[in-house]
Amino acid sequence: MDIAVRTQNDVSLIAFAGDFDTNTSPEAQQALDGIVEGGGHRIVVDFTNVDYISSAGLRVLLATAKRVQGVGGTLHMFGLNETVEEVFEISGFSMILKVFRTEAEALEGV
Amino acid sequence: MKGQIRKSFAVTVGIDLAEIDRVNAAFAEFAEVHDLPAKIRRSVRVVFDELLNNAISYGFEGRDSGEITVDVELAGDRLSVTITDDGKPFNPFREEPPDTLLSTQERRIGGLGIHLVRQAMDEVSYHRRTDRNVVMLAKRVTDD
(Lines give C-alpha, C1' and ligand atoms only; values in the text may rest on other atoms or scores of the structure.)
Protein backbone atom coordinates (compact mmCIF):
# COMPACT_ATOMS: atom_id res chain seq x y z
CA MET A 1 0.00 0.00 0.00
CA ASP A 2 1.23 3.50 -0.86
CA ILE A 3 0.49 6.29 1.59
CA ALA A 4 0.90 10.02 0.92
CA VAL A 5 0.29 12.72 3.54
CA ARG A 6 0.10 16.47 3.01
CA THR A 7 -1.18 19.39 5.06
CA GLN A 8 -3.36 22.13 3.69
CA ASN A 9 -4.65 24.96 5.91
CA ASP A 10 -4.56 22.88 9.11
CA VAL A 11 -6.23 19.95 7.36
CA SER A 12 -4.26 16.73 7.00
CA LEU A 13 -4.91 14.93 3.72
CA ILE A 14 -3.92 11.30 3.60
CA ALA A 15 -4.15 9.30 0.39
CA PHE A 16 -4.05 5.50 0.41
CA ALA A 17 -3.40 3.48 -2.73
CA GLY A 18 -3.84 -0.30 -3.07
CA ASP A 19 -5.70 -2.78 -0.88
CA PHE A 20 -6.69 -1.76 2.65
CA ASP A 21 -6.67 -5.21 4.25
CA THR A 22 -5.11 -7.35 6.98
CA ASN A 23 -1.65 -7.02 5.50
CA THR A 24 -1.70 -3.27 4.96
CA SER A 25 -3.86 -1.98 7.83
CA PRO A 26 -0.97 -1.76 10.37
CA GLU A 27 0.90 0.75 8.17
CA ALA A 28 -2.30 2.72 7.58
CA GLN A 29 -2.96 2.79 11.33
CA GLN A 30 0.59 3.96 11.96
CA ALA A 31 0.26 6.79 9.42
CA LEU A 32 -3.05 7.96 10.88
CA ASP A 33 -1.73 7.70 14.45
CA GLY A 34 1.23 9.84 13.36
CA ILE A 35 -1.11 12.57 12.14
CA VAL A 36 -3.23 12.54 15.30
CA GLU A 37 -0.21 12.48 17.60
CA GLY A 38 1.29 15.37 15.66
CA GLY A 39 -1.79 17.42 16.54
CA GLY A 40 -3.72 16.87 13.30
CA HIS A 41 -7.36 16.51 14.29
CA ARG A 42 -8.99 17.50 11.00
CA ILE A 43 -8.30 14.65 8.64
CA VAL A 44 -9.44 13.94 5.08
CA VAL A 45 -8.82 10.47 3.67
CA ASP A 46 -8.52 10.03 -0.09
CA PHE A 47 -9.83 6.62 -1.20
CA THR A 48 -9.58 7.27 -4.94
CA ASN A 49 -6.88 4.64 -5.42
CA VAL A 50 -8.09 2.13 -2.84
CA ASP A 51 -9.31 -0.98 -4.63
CA TYR A 52 -10.58 -2.95 -1.66
CA ILE A 53 -11.18 -2.66 2.08
CA SER A 54 -11.59 -5.52 4.57
CA SER A 55 -12.78 -5.42 8.18
CA ALA A 56 -9.17 -4.79 9.24
CA GLY A 57 -9.29 -1.53 7.28
CA LEU A 58 -12.66 -0.61 8.76
CA ARG A 59 -11.26 -1.11 12.26
CA VAL A 60 -8.47 1.37 11.52
CA LEU A 61 -10.97 3.98 10.33
CA LEU A 62 -13.29 3.45 13.30
CA ALA A 63 -10.43 3.68 15.79
CA THR A 64 -9.20 6.91 14.17
CA ALA A 65 -12.70 8.42 14.01
CA LYS A 66 -13.19 7.70 17.72
CA ARG A 67 -9.84 9.25 18.53
CA VAL A 68 -10.32 12.49 16.62
CA GLN A 69 -13.94 12.90 17.70
CA GLY A 70 -12.79 12.51 21.29
CA VAL A 71 -10.74 15.71 20.90
CA GLY A 72 -13.35 17.59 18.88
CA GLY A 73 -11.83 16.78 15.50
CA THR A 74 -13.26 15.34 12.28
CA LEU A 75 -12.48 12.54 9.86
CA HIS A 76 -13.82 12.88 6.33
CA MET A 77 -13.49 10.47 3.43
CA PHE A 78 -13.96 10.74 -0.32
CA GLY A 79 -13.39 8.88 -3.59
CA LEU A 80 -14.80 5.46 -2.60
CA ASN A 81 -15.13 3.00 -5.46
CA GLU A 82 -18.10 0.63 -5.77
CA THR A 83 -16.41 -2.19 -3.85
CA VAL A 84 -15.39 -0.01 -0.92
CA GLU A 85 -18.75 1.73 -0.86
CA GLU A 86 -20.53 -1.63 -0.67
CA VAL A 87 -18.44 -2.62 2.37
CA PHE A 88 -19.22 0.74 4.01
CA GLU A 89 -22.94 0.16 3.40
CA ILE A 90 -23.00 -3.40 4.72
CA SER A 91 -21.03 -2.51 7.84
CA GLY A 92 -23.14 0.56 8.59
CA PHE A 93 -20.01 2.73 8.29
CA SER A 94 -21.63 4.94 5.67
CA MET A 95 -23.93 6.12 8.48
CA ILE A 96 -21.32 6.76 11.16
CA LEU A 97 -18.41 8.05 9.08
CA LYS A 98 -18.55 11.15 6.94
CA VAL A 99 -18.25 10.10 3.32
CA PHE A 100 -18.16 12.56 0.42
CA ARG A 101 -17.97 12.22 -3.32
CA THR A 102 -15.17 14.67 -4.13
CA GLU A 103 -12.13 16.16 -2.41
CA ALA A 104 -13.70 19.64 -2.51
CA GLU A 105 -16.81 18.39 -0.72
CA ALA A 106 -14.74 16.49 1.84
CA LEU A 107 -12.62 19.57 2.57
CA GLU A 108 -15.65 21.71 3.12
CA GLY A 109 -16.48 21.85 6.82
CA VAL A 110 -13.81 19.40 7.90
CA MET B 1 -25.69 -34.00 -12.23
CA LYS B 2 -27.08 -34.66 -15.69
CA GLY B 3 -26.83 -31.80 -18.16
CA GLN B 4 -24.69 -29.73 -15.84
CA ILE B 5 -21.01 -29.16 -16.13
CA ARG B 6 -19.30 -28.98 -12.77
CA LYS B 7 -16.25 -26.83 -12.45
CA SER B 8 -14.06 -26.78 -9.41
CA PHE B 9 -10.63 -26.24 -7.95
CA ALA B 10 -8.96 -26.83 -4.60
CA VAL B 11 -5.92 -25.27 -3.02
CA THR B 12 -4.20 -26.16 0.25
CA VAL B 13 -2.18 -23.55 2.10
CA GLY B 14 -0.15 -23.27 5.29
CA ILE B 15 -0.77 -21.01 8.29
CA ASP B 16 0.88 -17.85 7.02
CA LEU B 17 -1.12 -14.67 6.28
CA ALA B 18 0.79 -14.26 3.00
CA GLU B 19 -0.98 -17.43 1.80
CA ILE B 20 -4.25 -15.48 1.49
CA ASP B 21 -2.83 -13.83 -1.62
CA ARG B 22 -2.20 -17.27 -3.12
CA VAL B 23 -5.83 -18.28 -2.57
CA ASN B 24 -7.03 -14.96 -4.01
CA ALA B 25 -4.83 -15.47 -7.08
CA ALA B 26 -6.13 -19.02 -7.61
CA PHE B 27 -9.72 -17.79 -7.37
CA ALA B 28 -9.05 -14.84 -9.70
CA GLU B 29 -7.86 -17.29 -12.34
CA PHE B 30 -10.93 -19.51 -11.84
CA ALA B 31 -13.23 -16.47 -12.01
CA GLU B 32 -11.56 -15.34 -15.22
CA VAL B 33 -11.88 -18.74 -16.91
CA HIS B 34 -15.56 -19.04 -15.95
CA ASP B 35 -16.36 -15.39 -16.57
CA LEU B 36 -17.80 -14.77 -13.09
CA PRO B 37 -19.36 -11.32 -12.54
CA ALA B 38 -17.51 -8.66 -10.52
CA LYS B 39 -20.01 -8.82 -7.66
CA ILE B 40 -19.31 -12.51 -7.05
CA ARG B 41 -15.56 -11.90 -7.21
CA ARG B 42 -15.89 -9.19 -4.55
CA SER B 43 -18.00 -11.43 -2.33
CA VAL B 44 -15.54 -14.31 -2.49
CA ARG B 45 -12.63 -11.96 -1.84
CA VAL B 46 -14.37 -10.88 1.39
CA VAL B 47 -14.82 -14.53 2.38
CA PHE B 48 -11.15 -15.41 1.87
CA ASP B 49 -9.81 -12.25 3.49
CA GLU B 50 -11.93 -12.47 6.59
CA LEU B 51 -12.18 -16.22 7.21
CA LEU B 52 -8.63 -17.17 6.29
CA ASN B 53 -7.30 -14.29 8.35
CA ASN B 54 -9.32 -15.47 11.36
CA ALA B 55 -8.29 -19.09 10.92
CA ILE B 56 -4.60 -18.31 10.43
CA SER B 57 -4.43 -15.70 13.21
CA TYR B 58 -6.37 -17.51 15.93
CA GLY B 59 -6.92 -21.15 14.99
CA PHE B 60 -3.41 -22.49 15.40
CA GLU B 61 -2.05 -20.81 18.52
CA GLY B 62 0.97 -22.65 19.88
CA ARG B 63 1.48 -24.61 16.66
CA ASP B 64 4.17 -24.25 14.02
CA SER B 65 2.24 -25.73 11.17
CA GLY B 66 -1.28 -26.40 10.03
CA GLU B 67 -3.32 -26.98 6.94
CA ILE B 68 -6.17 -25.06 5.38
CA THR B 69 -7.91 -26.32 2.27
CA VAL B 70 -10.14 -24.18 0.10
CA ASP B 71 -12.53 -25.90 -2.31
CA VAL B 72 -14.48 -23.89 -4.84
CA GLU B 73 -17.17 -25.36 -7.04
CA LEU B 74 -19.42 -23.86 -9.65
CA ALA B 75 -22.47 -25.99 -10.42
CA GLY B 76 -24.94 -24.29 -12.71
CA ASP B 77 -25.49 -20.86 -11.17
CA ARG B 78 -24.46 -21.93 -7.67
CA LEU B 79 -20.97 -21.12 -6.45
CA SER B 80 -19.92 -22.91 -3.30
CA VAL B 81 -16.83 -22.40 -1.20
CA THR B 82 -15.68 -24.82 1.49
CA ILE B 83 -12.88 -23.96 3.88
CA THR B 84 -11.49 -26.84 5.94
CA ASP B 85 -8.78 -26.47 8.57
CA ASP B 86 -7.23 -28.65 11.24
CA GLY B 87 -7.05 -25.86 13.82
CA LYS B 88 -8.78 -25.73 17.18
CA PRO B 89 -12.59 -26.01 17.12
CA PHE B 90 -14.08 -22.64 16.22
CA ASN B 91 -17.50 -21.72 14.86
CA PRO B 92 -17.14 -18.26 13.30
CA PHE B 93 -20.92 -17.86 12.98
CA ARG B 94 -21.74 -18.37 16.65
CA GLU B 95 -21.01 -14.75 17.53
CA GLU B 96 -23.84 -12.23 17.58
CA PRO B 97 -23.65 -9.86 14.60
CA PRO B 98 -22.59 -6.29 15.47
CA ASP B 99 -25.26 -3.59 15.79
CA THR B 100 -24.61 -1.59 12.62
CA LEU B 101 -26.96 1.18 13.73
CA LEU B 102 -24.83 2.37 16.65
CA SER B 103 -22.89 5.66 16.54
CA THR B 104 -19.13 5.95 16.12
CA GLN B 105 -18.45 6.18 19.83
CA GLU B 106 -20.78 3.27 20.65
CA ARG B 107 -19.49 0.92 17.96
CA ARG B 108 -17.18 -1.80 19.17
CA ILE B 109 -14.01 -2.33 17.20
CA GLY B 110 -14.32 -5.88 15.95
CA GLY B 111 -16.91 -8.48 14.98
CA LEU B 112 -17.20 -6.89 11.58
CA GLY B 113 -15.43 -9.47 9.47
CA ILE B 114 -17.97 -12.24 10.03
CA HIS B 115 -20.79 -9.78 9.48
CA LEU B 116 -19.30 -8.89 6.08
CA VAL B 117 -19.03 -12.59 5.19
CA ARG B 118 -22.68 -13.25 6.12
CA GLN B 119 -23.78 -10.30 4.00
CA ALA B 120 -21.59 -11.27 1.07
CA MET B 121 -22.92 -14.83 0.75
CA ASP B 122 -26.40 -16.39 0.56
CA GLU B 123 -25.68 -19.40 2.76
CA VAL B 124 -23.15 -19.96 5.53
CA SER B 125 -22.69 -22.98 7.77
CA TYR B 126 -20.19 -24.50 10.14
CA HIS B 127 -19.51 -28.14 11.05
CA ARG B 128 -16.87 -29.76 13.21
CA ARG B 129 -15.91 -33.02 11.50
CA THR B 130 -13.60 -35.20 13.60
CA ASP B 131 -10.52 -32.99 13.96
CA ARG B 132 -11.44 -30.38 11.38
CA ASN B 133 -13.42 -27.14 11.10
CA VAL B 134 -15.54 -27.11 7.96
CA VAL B 135 -17.06 -23.81 6.86
CA MET B 136 -19.38 -23.98 3.88
CA LEU B 137 -20.63 -20.97 1.98
CA ALA B 138 -22.70 -20.58 -1.16
CA LYS B 139 -24.02 -17.87 -3.41
CA ARG B 140 -26.12 -17.77 -6.54
CA VAL B 141 -24.32 -16.28 -9.49
CA THR B 142 -26.33 -13.45 -11.01
CA ASP B 143 -25.28 -10.90 -13.61
CA ASP B 144 -26.29 -7.71 -11.76
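Chain A holds five helices and five strands (DSSP runs: helices are H or I of at least four residues, strands are E of at least two, numbered from the N terminus). Along the sequence, the chain A pattern is β-β-α-β-α-β-α-α-β-α. This is a predicted model: local features need pLDDT of at least 70, side-chain atom pairs count only at pLDDT 80 or more, and totals for chains, interfaces and linings use all residues. Residues are numbered from 1 along each chain as its sequence is written, while chains are lettered from A and ligands numbered from 1 in the order in which they are written.

**Chain A: overall build**

- The C-alpha trace of chain A spans about 30 × 25 × 25 Å along its principal axes.
- Of the 110 residues in chain A, 39% are buried (buried means 20 or more other C-beta atoms within 10 Å of the residue's own, exposed 12 or fewer, partly exposed in between, with C-beta atoms placed from the backbone).
- Among chain A contacts between residues at least 6 apart in sequence, 71% join residues at least 24 apart (contact means C-beta atoms, placed from the backbone, within 7 Å).

**Where chain A meets chain B**

- The contact draws 20 residues from chain A and 19 residues from chain B.
- On the chain A side, α2 (55-70) and α3 (82-91) each supply at least two residues.
- The largest share of that side, eight residues, comes from α2(A).
- By class, the chain A side has eight nonpolar, eight polar and four charged residues (Ala, Val, Leu, Ile, Met, Phe, Trp, Tyr, Cys and Pro count as nonpolar, Asp, Glu, Lys and Arg as charged, and the others, Gly among them, as polar).

- Seven bridges join β4(B) to β5(B), residues 132-140, and the two run antiparallel (strands pair if DSSP finds at least two bridges between them).
- His127(B) stands opposite Val134(B) in β5(B).
- Two residues lie between the strands of this hairpin, and Thr130(B) takes a positive phi near 45°.

**Chain B: Asn91(B)**

- Asn91(B) sits in the loop between β3 (78-85) and α3 (112-120) of chain B.
- Asn91(B) is exposed because it has 12 other C-beta atoms within 10 Å.
- Asn91(B) and Ser125(B) are 34 residues apart along the chain, with their C-alpha atoms separated by 8.9 Å.

Terms used
Contact = placed C-beta atoms within 7 Å.
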